[in-house]
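Here is a brief report on a protein model. Look at the sequence and the structure before reading on.

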Amino acid sequence: MMRKEIAEKLSELDKMCVGADGWSADSFRSEAEKDNGYVLYVMDNENVIALLSGYSAVGEADITSIAVHPEYRRKGLALKLIECFIEMIPDDAESIFLEVRESNAPAIALYEKCGFERLSVRKNFYSQPRENAVVMQKKLNR
């Protein structure tokens with residue numbers, strides 16, 4: 001069971017990084033309580049400084065959010081969270097999917113470094129500001 005204050009800190013970081021589309025504390029708690037849900041995070045003292053949420057289902061996995069506090073970026077935290085997520089998901093997972101804002105070049109570069117490839121574009125996927133999402137996939141060789 002995820003503590004309420006952790007869920008609130010996760011939500012604060014997600015909204016800081018993603019904007020209005022960021023998850024609520026209840027959404028993080030709900031994801032963490034699912035059998036196939038994952039919420040990973042890194043703390044510095046009492047602050048959540050990086051997070052990854054996702055789930056696995058029927059031979060694939062999906063990363064639903066990755067956020068790193070601006071003061072802690074470019075230190076390998078997102079990469080480490082992705083690696084941990086890959087280790088945790090079931091062995092039958094053949095691919096991992098995610099969506100990223102089309103304008104988020106640093107995140108796209110990180111995902112490509114991790115082996116994700118661009119699959120397609122979802123028009124107007126994000127709001128505030130309205131923007132397309134790039135759908136990316138990483139095929140797992142297990």
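How many bridges join strand β3 to strand β4? Four bridges join β3 (residues 60-68) to β4 (residues 95-101), and the two run parallel. Glu60 stands opposite Ser95 in β4.

## About the model

This is a predicted model: local features need pLDDT of at least 70, side-chain atom pairs count only at pLDDT 80 or more, and totals for chains, interfaces and linings use all residues. Residues are numbered from 1 along each chain as its sequence is written, and side-chain values use heavy atoms, leaving out hydrogens and water.

## The sheet

Six strands form an open sheet in the order β1-β2-β3-β4-β6-β5, with mixed pairing. Strands are DSSP runs of E, at least two residues; helices are runs of H or I, at least four. Two strands pair if DSSP finds at least two bridges between them. β1 and β5 (117-126) stand at the edges, each with a single partner strand, so one side of each has no neighbour in the sheet.

## Aromatic pairs

The whole structure holds three aromatic pairs (ring centres within 6.5 Å for Phe, Tyr and Trp, the last by its six-membered ring; planes under 30 degrees apart are stacked, over 60 edge-to-face, the rest tilted). The rings of Tyr38 and Phe85 have centres 5.4 Å apart and planes at 90 degrees, so this pair is edge-to-face. Tyr38 lies in β1 (residues 37-44) and Phe85 in helix α3 (residues 77-88), so the pair ties together parts 47 residues apart in sequence.

Both Tyr38 and Phe85 are buried (under 20% relative accessible area; exposed is over 50%, partly exposed in between; 1.4 Å probe, protein chains only).
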